[in-house]
Amino acid sequence: MIILGINAYHANASAAIVADGRLLAAVEEERLNRVKYAAGLPARAIQYCLDQAGVKLAEVDHIAIPRDPRARIATKLRFAMRMPRFAFERAQVMARFAGIREDLASASEIAPESIRAQFHRIEHHTAHLASAYFVSPYERAAVLSADGLGDFASSMWAVGEGARMRILGEITFPHSLGVYYTALTQYLGFWKFGDEYKVMGLAAYGQPEFLEEFRRIVRADGPLSFRLGLDYFTHQNQGAEMSWRDASQTPVLGRLFSPYLEKRLGPTRKAEEPLEQRHHNLAASMQAALEEVLAAHWAALATKTGEKVLCLAGGVAFNCLANGKIFDHSSFERVYVQPAAGDAGLSVGAAFVVEHQALGRPRQFVMEQAGWGPEFSQQQIRKAITGSSNGDMQLSELDEDSLVQATARHIAAGKIVGWFQGRVEWGPRALGQRSILADPRRPEMKDVLNRRIKHREIFRPFAPSIINEAVPEYFERSEPSPFMTFAYSVRPEKRGVIPAPTHVDGTARLQTVSRGANPLYWKLLRAVGDLTGVPVVLNTSFNDNEPIVCRPDEALDCFRRTQMDVLVMGNFTLEKKAALAAGAMSADGLAEPLK
Ligand SMILES: [Fe+2]
């Protein structure tokens with residue numbers, strides 16, 4: 001039984017394939033076509049998934065699409081009558097989805113009628129909920145989805161019991177926590193699609209000076225209910241317009257905040273203007289108001305369901321600052337967030353809705369780690385290295401133990417290490433498969449990484465990976481965060497020990513690494529711990545203002561283009577000869593023992 005899930009014609013296009021109840025592969029199109037947040041038909045991702053299952057498109061039994069034109073049809077029609085432009089855009093989207101069989105056939109170069117799969121339209125938030133609960137390790141849980149808008153809803157909650165979910169409630173258009181966060185992100189001068197996490201990083205620098213005003217912009221108005229102050233927004237009159245041409249373009253969102261918001265909060269920050277304390281305070285106020293609404297929601301959901309476990313999905317589930325506070329504000333004892341909590345995850349969710357709810361099959365899969373994308377053999381890696389070599393790098397091939405020891409020594413010596421191992425991560429975070437690693441003990445490392453490789457806003461924090469066993473020693477909470485979706489406070493006495501990934505507010509967006517789920521990465525962290533006494537590394541994504549690298553040649557290109565010191569790829573290590581010739585001392589004076 002083969003089920004193909006496809007998030008198409010929408011940002012974060014992706015595909016996933018489930019065979020006999022188990023996920024075999026899941027990947028975002030951006031990793032393959034190299035267009036950030038690529039929308040359109042994820043043709044490459046689909047082909048990769050089919051290849052992993054060893055089937056052709058014509059052999060797939062079910063195709064799950066996380067969009068249901070019939071969902072909330074009365075509300076959609078009401079809005080369409082009020083706003084003709086929206087009706088026109090809606091019609092275009094519907095036409096696109098209606099033609100998906102033809103588009104799929106064309107991408108696979110087969111006749112449309114040879115696709116024998118049954119097509120399933122899965123409501124957007126049902127797919128979100130499923131993407132979290134059905135792959136979680138829990139037999140019962142409360143489940144919550146919150147994002148911008150999908151199928152005219154912005155939030156939905158349910159109880160999961162075995163292979164079923166029972167929907168309990170929803171918040172519909174125009175009220176949306178995702179729209180709230182995106183609108184204010186734009187107001188603060190961050191207009192690129194997906195910039196919300198930057199503002200989350202900024203919030204730590206400010207005080208919630210404007211919280212009273214923000215409580216008018218968004219507020220809880222009863223258990224399990226929230227409202228936007230609609231005067232502050234435009235989407236209720238103009239729609240939340242997302243435009244893109246095809247999979248070759250990053251989507252663009254139209255302006256979501258109104259002139260009234262500027263009247264109340266002051267002028268918009270232009271993208272090129274410097275960030276001032278006022279902006280920091282606005283970001284802090286925005287985050288604080290969001291957390292108030294979420295806290296009320298978590299508490300009410302815990303009370304209503306009596307469940308001890310919460311599974312989260314939707315873009316809001318990436319708010320790791322808020323997630324870290326769930327345990328303080330509710331009676332939930334465990335929280336599960338799968339690594340692609342945003343719209344990419346819809347392909348997995350839709351496939352599992354078909355598996356369990358449409359076909360009634362039992363659960364037998366748990367997503368314990370994030371490597372569901374392409375991997376490359378030692379031979380393929382060797383070929384890529386040999387093909388690109390011009391004698392400027394020193395190459396070694398090592399057995400696993402020696403590789404781990406050598407990498408740990410490089411990190412401890414202050415080198416910046418590209419770490420390319422196994423299958424590409426599912427979701428936006430590098431989690432030890434396509435990561436850049438560095439020594440967390442060096443306070444200057446954040447600036448050095450930014451200057452030499454990442455070139456990103458200086459206020460954005462870097463994150464630590466830590467072995468499970470050491471979490472209680474370093475953090476004030478020890479609940480697992482295997483997919484970097486929680487920020488916890490670093491213990492005050494440890495903030496000076498791992499200064500590079502500790503944010504200005506004393507928190508860190510940690511990845512907890514278990515030996516069972518990620519054995520090679522755990523082994524590396526353990527080796528770093530043996531050398532330095534600190535089983536932690538700074539872990540940032542392997543890229544430089546591009547989608548995270550997928551293939552060996554992309555890693556080599558990023559390695560050459562930037563001032564990374566070492567690349568560890570499969571069992572190979574590469575060091576730049578120029579850096580070696582300059583002695584162990586790098587330009588930053590980093591490659592020396594830490595006193
Ligand atoms: Fe969504």
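**The iron site and the cavities**

In this predicted model, four residues coordinate the iron ion: His124 and His128, each through NE2, and Asp147 and Asp343, each through OD, at 1.9 to 2.2 Å. Along the chain, these donors follow the spacing H-x3-H-x18-D-x195-D. His128 belongs to helix H6 (residues 124-133) and Asp147 to strand S6, so this pair ties together parts that are 19 residues apart in sequence. Both His128 and Asp147 are buried.

The geometry of the site may be considered next. The angles among the four donor atoms run from 86 to 154°.

Across the whole structure, a search finds four cavities of 30 Å³ or more. The largest cavity holds about 70 Å³ of space. Strand S6 (140-150), helix H12 (277-305) and strand S13 (309-313) are the elements that each give two or more residues to its lining. Among the lining residues are Leu144, Ala146, Trp298, Leu312 and Asn323. By class, the lining comprises eight nonpolar residues, one polar residue and no charged ones.

The second largest cavity has a volume of about 50 Å³. Helix H7 (residues 177-187) supplies the largest share of its lining, three residues. The residues around this second largest cavity include Thr182, Trp191, Lys192, Asp195 and Leu253. Its lining divides into four nonpolar, four polar and three charged residues.

How values were computed
Residues are numbered from 1 along each chain as its sequence is written. This is a predicted model: local features need pLDDT of at least 70, side-chain atom pairs count only at pLDDT 80 or more; totals for chains, interfaces and linings use all residues. Side-chain values use heavy atoms; hydrogens and water are left out. On a 1 Å grid over the protein atoms alone, a cavity is a set of points where a 1.4 Å probe fits but cannot get out, and a pocket is an open set with protein on both sides within 12 Å along at least five of seven lines; lining residues have an atom within 4 Å of a point. Grid points are joined across faces, edges and corners, and a volume is the space filled by probe spheres set on the points. Helices (H or I, at least four residues) and strands (E, at least two) are DSSP runs, numbered from the N terminus. Ala, Val, Leu, Ile, Met, Phe, Trp, Tyr, Cys and Pro count as nonpolar, Asp, Glu, Lys and Arg as charged, and the others, Gly among them, as polar. Donors are N, O and S atoms within 2.8 Å of the metal (3.2 Å for Na, K and Ca); water is not among the atoms, so sites may look incomplete. Four donors count as tetrahedral if all angles lie between 85 and 135 degrees; four count as square planar and six as octahedral if opposite donors are over 155 degrees apart and all others between 65 and 115; anything else is irregular. Buried means under 20% relative accessible area, exposed over 50%, partly exposed in between (1.4 Å probe, protein chains only).
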